[in-house]
Amino acid sequence: MARVARTCLRSILKIVNSTLGLVGIAMILYGFWMVRVLQRDMESPSFDDFDSTALWFIYTFLSIGVALCLITCLGHISADSSNGICLSCYMVIIFLLLLLETLVAADILLNSDWVKDLPEDPTGRFHDFREFVESNFDFFKWIAMFIILVQGFSILLAMTLRALGPNNGSKYDIDEEYTSARLPLINPHSQTPPYVVGEPRFSIKNDAWNTNK
């Protein structure tokens with residue numbers, strides 16, 4: 001029963017954890033799109049040159065996407081191995097990510113001038129993204145709530161899987177195979193080869209020698 005429950009928890013954790021991977025992939029693709037648009041704008045003669053540090057929004061967007069993909073990989077490895085250390089690291093990382101998201105959301109909601117706290121973006125990509133989010137605020141609100149619920153559910157599943165411990169069924173099966181293989185050595189009489197009891201061959205020669213005598 002514990003093995004079935006462990007298998008179900010592994011599958012559910014992988015499915016839930018894949019949501020973070022999909023979000024990370026979407027952010028990476030959007031980041032590449034912004035880089036492509038920037039390269040197209042740089043080819044324009046009216047484009048003003050600026051320092052590479054001004055691309056902070058694109059770099060941050062791509063970095064968050066890559067980080068989510070790496071967290072997804074860690075979650076899949078932890079779910080597949082059910083290792084306590086991997087699951088603990090995964091839970092700590094997800095908790096820190098939730099804490100960071102809570103702090104960012106609180107700063108946006110409580111600080112009306114939060115845009116001024118950010119460095120200037122001469123590419124205009126941050127401005128375009130903010131306008132897109134504000135125009136579809138209800139949609140992004142539900143997406144943000146869904147991501148937070150997924151992260152919390154991932155922590156709960158990881159805690160439950162860690163409490164069940166790793167699956168040692170395969171180890172027991174291997175031990176049983178080795179025991180059955182060693183069994184003939186422990187009890188050598190169980191596989192004694194058959195033999196035929198008969199008269200020795202030299203008795204015939206002895207009878208013929210007695211007759212001649």
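This is a predicted model: local features need pLDDT of at least 70, side-chain atom pairs count only at pLDDT 80 or more; totals for chains, interfaces and linings use all residues.

A: Helices (H or I, at least four residues) and strands (E, at least two) are here DSSP runs, numbered from the N terminus. Residues are numbered from 1 along each chain as its sequence is written, and side-chain values use heavy atoms, with hydrogens and water left out. The protein chain averages a pLDDT of 78, and 72% of the residues score at least 70.

The largest pocket has a volume of about 2000 Å³. A pocket is an open set of points on a 1 Å grid over the protein atoms alone, where a 1.4 Å probe fits, with protein on both sides within 12 Å along at least five of seven lines; the volume is the space filled by probe spheres set on the points, which are joined across faces, edges and corners.

The lining (residues with an atom within 4 Å of a point) has 41 residues, and Met-27, Val-104, Ile-108, Phe-129 and Ala-144 lie nearest the centre of the pocket. Two or more lining residues come from each of α1 (2-42), α2 (56-81), α3 (84-110), α4 (125-135) and α5 (137-164). Helix α5 gives the largest share, 10 residues. By type, the lining has 32 nonpolar residues, 3 polar and 6 charged; Ala, Val, Leu, Ile, Met, Phe, Trp, Tyr, Cys and Pro count as nonpolar, Asp, Glu, Lys and Arg as charged, and the others, Gly among them, as polar.

An unreviewed UniProt entry places the feature "transmembrane region" at residues 12-33, 53-75, 87-110 and 139-161; such annotations may be inferred rather than shown by experiment. Over residues 87-110 the chain is 100% helix and 0% strand, with end C-alpha atoms 34 Å apart. Residues 139-161 are also 100% helix and 0% strand, and their end C-alpha atoms are 33 Å apart.

Terms used
pLDDT is the predictor's confidence in each residue, from 0 to 100.
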